[in-house]
Structures are given as C-alpha cells and as structure tokens.
Amino acid sequence: MARDFQSFLKQLESAGELKRISVEVDPCLELGAIADRVSKQPGGGTALWFEKVKGSSLPVVMNVYGSYHRMAMALGVDHDPCGLDAIGDRIEHFLQEAMPRPGSGFFDKLAKLPMLAQVSGWTPKTVRKGACQEVILKGDEACLSKLPILTTWPEDAAPFITLGMSHVRHKDGRRNMGLYRLQVHDDRTLGFHTQLHHDGARAKTGYAPGERMPVAVAFGGDPALLYAASAPLPPFISEVLFTGFLCGEGVEMVKCVSHDLEVPADSEIVIEGWVDPGELRKEGPFGDHTGYYSLADDYPVLHVEAITMRKNPVFPATIVGRPPQEDAYLGLATERIFLPMVRLFLPEVVDMHLPPGGAFHNLAVVAVKKEYPGQAQKVMNAIWGMGQMMFTKAIVVVDADIDPRDMNEVLFRVTSNVDPRRDMLYTEGPLDVLDHCSDRFAFGSKVGIDATRKNKAFDGFKREWPRDLVFPEEILTRITQRWMEYGL
Ligand SMILES: Cc1cc2nc3c(=O)[nH]c(=O)nc-3n(C[C@H](O)[C@H](O)[C@H](O)COP(=O)(O)O)c2cc1C
Ligand SMILES: [Mn+2]
C-alpha cells in the first residue's frame, strides 16, 4: 500500500500518536529541546507537528518514528510485540523459497515463477509527474534559507538537515539511498556527511576529482523509505527496492529537474545538487547519537542546483543525542528485521538485542544455543565480521533461555557466570568513525563476554555447575489461582 508522508501523519494523528504545537517555536535549540524531552518519555512520547516555526512558512515534524507503535505503523505491520519480527520472518521465508531445491530442476523453476513476479512488483516504477515537483526553485531561488533547518545542540557548527534521504548512483549504475546529516555551509552548499564505511561514501570513488556526482536529498514519501535509508543493507541491495519489499509495491520515482537521478515522486521536498569527489570542507562539530559532540572532520560538499517541493510540504527533522531518542526505534526495527539474516549465518543465535543505551554500535547481547566448544567465541567473531555489526564494541553472549532484553537478567548472568580472565575475548578491528575513545580514528579494541553457563563437555569446566533457582510449574499455577485468597 503506497502512502505519502502527510497521509501517514494524518493516520498517526487519528491514532492519538501525533500532537500539534500551534505556538511559535524557534528552530534554533527550542525545537530540539522539546523533541529531546518528548522522545525520552517512557515508550517514546508522541510525534510532534510544529505549525509555526520562527522564520519559515513551513511546518516541521519531529519524533515521527520515535515509538515501537509508530515504527510498526510506518512499516505497515501490527504493533503487538511481534509486528516487526513478522518482517524479519518474511525475509527469512523469501530467502528460503529462493533457494533451489536439490534435484527438482524444471518444476522447481516453474514453482518459483510467482516469486519472481512478486519481486518485479517491488521494483521502483518511473512516473512522469510527481507531487514533489509542484514547486520548482532553480538557480538563485534554490536557497536553503527557505527551509526551516534546525540547530539542535548549542555547540553545533551550524544548522543541520537531519532527516534527508540522499540518493546517489554508483558509476556502475547501482543506486544508493542513505540517511546522512547535512551541515548548512551557506545558502547554496551543504556538508555531505557520508561516513567512511557506508555505501554513500563509496559511491564517489567511481567519479574523478573535478567530475560532478549528482545527488538528490529527498524528504518524506512513503514512511518506510526513511527506515530503509537507515537500514544496514548490503551494497548490492537498493534501499528503494527494499522499500518496495516492505510496502509490497514498488516506489514511484520521478526524474529530478537538474540531473537524471530519480527520487520518490511523492516526496515532500527534494534538494538537488552535485558533489565533486575532489572537494572537502570541515564539517562539524555536531551533537551526535553517541551522546557527545562528534569532532569536526573533512567531508565532501554538496552544491545545491535546485529545490523542488509540494505546494504545502512539511519538513521532517530529528534530534540525535544521549539515548534513548527517536533513532532508538529505528535501531530497534533493524534489530528485529535483521535477526533472521544473522541467523542464516549463525543458526545457533536464538535472539539478539542492541540496547539503546549502547547507541547502536557499542553493545550487542546475543542469546545462543551452545552445541560445541568455542561456540560463544565463534558467534562473537562472526558478528565482528558482519556488515555494520563490525563496529560492535562489546558482545555479551548468554544462553538460549535468557531474554537479551531483560537487562537485570543479563547483568545477573554477566556478573555471576563470568570468570573474567577466562571468559573475556579481546580483539581489535574497525570502529564507527564517531567513536571518540579509541586511540586511533575508526580503529580500536573490542570485547566479547561469554556469560553462558559453563559445562564439562563444551567448556572443559571441571567443577559442578550449580542449578538455577526455579519453582515447579504446579506451585506457580497454584499460587496464581489462589492469589486473591492471600489478599495480596
Ligand atoms: C538519525 C540518523 C542519522 C544518521 N546520520 C548519518 C550521517 O550523518 N552519516 C552517515 O554516514 N551515516 C549516518 N547514519 C547512518 C546511516 O544512515 C546508516 O548506517 C545506513 O545504513 C548507511 O547506508 P549506506 O551504507 O547505504 O550508505 C544516520 C542514521 C540515523 C538513524
Ligand atoms: Mn546502501
């Protein structure tokens, strides 16, 4: 079901998930401080529609994705605890179906035809007209001061665009869409903060210095697009195709007005421009999702050629900072949606949790069914070699029966089951470029903590391992039945 961003906002409003703020608010710090406070409410608060933003005629929306419920609504699934898991299950099912059955030849291929038809239904479709081009500003008219761009933290270098989805095309034709912040250098130029390890940064390697790599930054469109832009997809999967998979229908794309990249036709706003791979400029500092100001560094520059928009667009923004905030729920969606893919390579992994306090990359808790010696270590090493999970600084492995989301339980097992010298695995490797505490840029050490119960067969544990404290089921049932009688 294709939905545009504003119909999604209406859907949120009718569900009591969006509040309108009608008094005038300042895009410099005030909006950020409000969204920070609301997003930290238990469960993530509501989405916020700021109707009157100082210095601009456009409204700003924030915290749109900032709860489990809204995240599930954005991806068109139920919000019960399993809604997002259902997407992961769909991926798993699809991958299994795609595998050839041994020895089944022609009939197997025939059986897969409906699946191929389904995939072609997810591919983006080019259309001639898009709502995102109802208003076209070119040349001197295409100035960034027409947009209500926020300064979220007091020591930020400048205002930053935070929820723009940047479309680029690799020289070999592959399209990539990613969520990268954009610093306002001046009215016609932006900092293009594509970090070293991301596909977005790799795209420019195919272009020669002095050449213009076209870029288009789109806002809004189907709410699933933003999730896809943040998702750690492998380089060969297009985020727009993945959105088609999520929505069950291909995204309608329209050609830009100043170059031949395509953007989702029903976007709210599109900034078109180009990057010269040979040009770098200082970017940052910026109050970041690490909970600190990320340090200034050299990044590419995006020169604005055109800004197109709907007649009455809304401008989406977020604030990142000390967790939990809105982006915690994007991370949570990734945890649930990508778990089946992790399990494809690591079938012993039963469950996984990336706690928001670990700011995406710093901590992963993995529940594992042990079947042979060294399995906890094998899982750690594999995770450190897997896509963007390579950044994980600490991995805690618990037994399959432990809920990795129950932090009290995890702490209990980490402190009681771990002999520190024996059960910690230290290694080193790539770190997120935003990590500030390692001695070297983007490189540092990692620790794996094996908090599983130890036994003789797998761990060579020579003493007897004590048994967990549990009441028999019948006692638990009895006290539940008699609870009123106890007067408690
Ligand atoms: C709110 C938010 C802001 C982000 N800002 C940046 C950024 O400025 N630069 C960056 O490289 N990645 C940023 N990311 C992470 C990327 O969007 C994410 O890693 C994505 O998978 C990268 O896709 P790619 O590999 O296709 O480039 C941000 C993520 C979120 C949720
Ligand atoms: Mn990508």
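Colleague: Let's start at the ligand. Which of the 19 residues around ligand 1 come nearest?

Modeller: Gly178, Gln195, His198, Asp199 and Gly200 come nearest among the 19 residues around ligand 1. Two or more residues of the shell come from each of strand E8 (175–179), helix H7 (199–202) and helix H10 (326–345). Do keep in mind that this is a predicted model.

Colleague: What makes a residue count as being around the ligand?

Modeller: Its C-beta atom, placed from the backbone, has to lie within 6 Å of the molecule. By that test 19 residues qualify for ligand 1.

Colleague: And which element gives the largest share of that shell?

Modeller: That is E8, with three residues.

Colleague: Let's turn to helix H11. How do you know which of its residues are buried?

Modeller: A residue is called buried if 20 or more other C-beta atoms lie within 10 Å of its own. In H11, which spans residues 375–383, the buried ones are Ala376, Val379, Met380 and Ile383.

Colleague: Why are they said to be on the same side of H11?

Modeller: Because they cover an arc of only 100° around the axis, they sit on the same side of the helix.

Colleague: What do the buried residues of H11 pack against?

Modeller: Five strands: E19 (349–353), E20 (363–368), E21 (394–399), E22 (424–430) and E23 (443–450). These strands form an open sheet with mixed pairing, in the order E19-E20-E21-E23-E22.

Colleague: What makes E19 and E22 the edge strands?

Modeller: Each of them pairs on one side only. From one strand to the next, the twist of the sheet averages 20°.

Colleague: How do you know that E20 and E21 pair?

Modeller: Pairing takes at least two bridges between the strands, and E20 and E21 have six, in the parallel sense. One example is Val366, whose bridge partner in E21 is Val397.

Colleague: Now for the whole protein. Why does its radius of gyration agree with that of a compact globule?

Modeller: A compact globule of 488 residues would come out near 23 Å, and the protein has 24 Å, so the two agree. Along the principal axes, the C-alpha atoms fill a box of roughly 75 × 65 × 50 Å.

Colleague: How many helices and strands are there, and what share of the residues is buried?

Modeller: The protein has 16 helices and 23 strands, and buried residues make up 43% of the 488. As for contacts between residues at least 6 apart in sequence, 68% join residues at least 24 apart.

Notes: Residues are numbered from 1 along each chain as its sequence is written. Chains are lettered from A and ligands numbered from 1 in the order in which they are written. This is a predicted model: local features need pLDDT of at least 70, side-chain atom pairs count only at pLDDT 80 or more; totals for chains, interfaces and linings use all residues. Helices (H or I, at least four residues) and strands (E, at least two) are DSSP runs, numbered from the N terminus. The radius of gyration is taken over C-alpha atoms; the globule rule is 2.2 Å times the number of residues to the power 0.38. A residue is buried if 20 or more other C-beta atoms lie within 10 Å of its own, exposed if 12 or fewer, and partly exposed in between; C-beta atoms are placed from the backbone. Two residues are in contact if their C-beta atoms, placed from the backbone, lie within 7 Å. The arc is that of the directions from the helix axis to the C-beta atoms. Axes are lines fitted to C-alpha atoms, for helices over the stretch in contact, and angles run from 0 to 180 degrees between N-to-C directions.
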